[in-house]
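I opened a new page for this chain and kept my entries in the order in which I looked things up. The structure comes before the notes.

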Amino acid sequence: MTTFFGIVTLGLYMFQPYLDLKVIRKALGIALFLELFYLIGHFLAGWPFPTPTVIFQIIIVTGLGVALGVIYSRIWPLPRNKGFERIMRTLLIVIPSLGIGVGLQLILQGNHPTQAIYLMFALSAWLGSGHFIKHETKETHSGIGKSALK
């Protein structure tokens, strides 16, 4: 099943125009951080050592999560100003991605998982959702447009 998801992830990154080199670097950076996290956890807390299959699963999950976040960001770009819209946008990406991550966890690692794949998926989707940012409108903060200033 891991191989199937690896092929799906590779195909998604090859044929989706929004998933460019910058997105691939972001996904691999998140995956590297998570690998280091589990390696440190192995030596300090006695967690299971990540096998090559687990390393491949972490790369797949972060790649799919970042891809979901980037596509979501294309549909609803990140607003420039902080506020209620950012909070709602974050909730609407993180809560469903936790559910999708639980499904991926059950498919990839079964009933006895060794890593928190569902949290990795949600984290990478959230980090990927900041890829596109809304452009500012032509109006200034005082409400006067460019045409009124001429």
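How near do the axes of H4 and H5 come, and at what angle do they cross? I found that these axes come within 7 Å and cross at roughly 145°, where axes are lines fitted to C-alpha atoms, for helices over the stretch in contact, and angles run from 0 to 180 degrees between N-to-C directions. Before going further I noted that this is a predicted model, in which local features need pLDDT of at least 70 and side-chain atom pairs count only at pLDDT 80 or more, while totals for chains, interfaces and linings use all residues. I also noted that residues are numbered from 1 along each chain as its sequence is written, and that side-chain values use heavy atoms, with hydrogens and water left out.

**H4 and H5**

I recorded that H4 passes H5 in a right-handed crossing; a crossing is right-handed if the near helix is turned clockwise from the far one by less than a right angle, and left-handed if anticlockwise. I then listed the contacts (heavy atoms within 4.5 Å), and the residues of H4 that meet H5 include Ile93, Leu104 and Leu108, while those of H5 include Ile117, Phe121 and Trp126. The residues of this contact divide into 14 nonpolar, five polar and no charged, with Ala, Val, Leu, Ile, Met, Phe, Trp, Tyr, Cys and Pro counted as nonpolar, Asp, Glu, Lys and Arg as charged, and the others, Gly among them, as polar.

**The whole chain**

I found six helices and zero strands in the protein chain, both being DSSP runs numbered from the N terminus (helices H or I, at least four residues; strands E, at least two). The radius of gyration is 19 Å, well over the 15 Å that the globule rule gives for 150 residues, so the chain is more spread out than a compact globule; the radius is taken over C-alpha atoms, and the rule is 2.2 Å times the number of residues to the power 0.38. The C-alpha atoms fill a box of roughly 65 × 35 × 25 Å along the principal axes. Of the 150 residues, 34% count as buried, meaning under 20% relative accessible area, with exposed over 50% and partly exposed in between (1.4 Å probe, protein chains only).

**H1 and H3**

I next looked at H1 (residues 2-15) and H3 (residues 52-75), which pack at an angle of about 35° with their axes 10 Å apart, and H1 passes H3 in a left-handed crossing. Their contact divides into eight nonpolar, six polar and no charged residues.

**The core and Tyr13**

Which residues touch the most other members of the largest nonpolar core? Of its 21 residues, these are Tyr13 and Val66, a core being a set of buried Ala, Val, Leu, Ile, Met, Phe, Trp, Tyr and Cys residues joined through side-chain atoms within 4.5 Å. The largest share, eight residues, comes from H3. Leaving out residues up to four places away in sequence, I saw that Tyr13 touches Leu19, Val23, Ile24, Ala27, Gly63, Val66 and Ala67.

Is Gln57 buried or exposed? Gln57, in helix H3, counts as buried because its relative accessibility is 4%. By contrast, His42 in helix H2 is partly exposed, with a relative accessible area of 24%. The C-alpha atoms of His42 and Lys22, 20 residues apart along the chain, are separated by 30 Å.
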